[in-house]
Amino acid sequence: MYEDDGAELLKLFKSLKAVGVITSLDMALPDALSPSGQANWEFILRQVLPYVDIFVPSFEEIVFMLRRSDYDKYRDNFHKLLSRSYVDGINKELVALGAAVAGIKCGEDGIMMRTGSRERMDTLRTRLMLDEDWNEGTAWHPAFRVNLVGTTGAGDSAYAGLLTAILRGASLTNTARWACAVGACNVEAADSTSGVRSYANTAARLATQWDVLPSRLE
């Protein structure tokens, strides 16, 4: 992903887009002292995001990659950095860099999403039969209140919920809601998978009066 300034990653995503594949890219937070932590992630993302349709990293991951001075300054106090304007500012940058759908997973503060221009979204929206609200749209949803047991796999589960909602033609707002729902179910178990419910069971839970947490993104 990161050797030679991401040359192989760029090659992969270019080849996928050349044959019409809808793409999504997930990230992980590098160890700052490891080779991946020393990579020029801002340059890599600038190269590859024009070929990425859906990009939803965590808050820590994207601050590390695009706001490294802020990451170093606030790494032990991220709550001081987290705000609606700060998160949306990064989402705007991700869309400007080329992502069709950008979002940032903010843990207990929920998720914020933003989509690109009508021109960037039209092909994606038509192929996935998405509503008009996906064109130049924004969405935010707070985290659901749960009995927290463990956070292993929470971000992956939230991403899975998001992609599932998109594939089923959900609205932008409801997609953010699904991401939070599946992530919430995940943290109710200690391992990475057993808390995740079936689609039908998750939908049934969402149909209840499921309480949400207060958020710094309100």
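**Stop one: a serine pair**

Select Ser36 and Ser34: their side chains make a polar contact at 3.0 Å. A polar contact is a pair of N or O atoms within 3.5 Å; within protein, one must be able to donate a hydrogen and the other to accept it, and residues adjacent in sequence count only if both atoms are side-chain atoms.

This is a predicted model, where local features need pLDDT of at least 70, side-chain atom pairs count only at pLDDT 80 or more, and totals for chains, interfaces and linings use all residues. Residues are numbered from 1 along each chain as its sequence is written, and side-chain values use heavy atoms, with hydrogens and water left out.

Stay on Ser36. The loop between β1 (24-25) and α2 (41-48) holds this residue. Helices (H or I, at least four residues) and strands (E, at least two) are DSSP runs, numbered from the N terminus.

Is Ser36 buried or exposed? Ser36 counts as buried because its relative accessibility is 17%. Buried means under 20% relative accessible area, exposed over 50%, partly exposed in between (1.4 Å probe, protein chains only).

Now show Tyr2, Pro30, Asp31 and Trp41. Ser36 is in contact with these four, leaving aside its neighbours within four places in sequence. Contact means heavy atoms within 4.5 Å.

**Stop two: strand β4**

Select residues 111-115, strand β4: 5 of its 5 residues are buried. Ile111, Met113 and Thr115 lie on one side, Met112 and Arg114 on the other.

β3 pairs with β4 in the antiparallel sense over 5 bridges; two strands pair if DSSP finds at least two bridges between them. Find Ile104 opposite Met112.

Finish with β5 (residues 138-141). β5 runs antiparallel to β4, joined by 4 bridges. Ala139 is the bridge partner of Met113.
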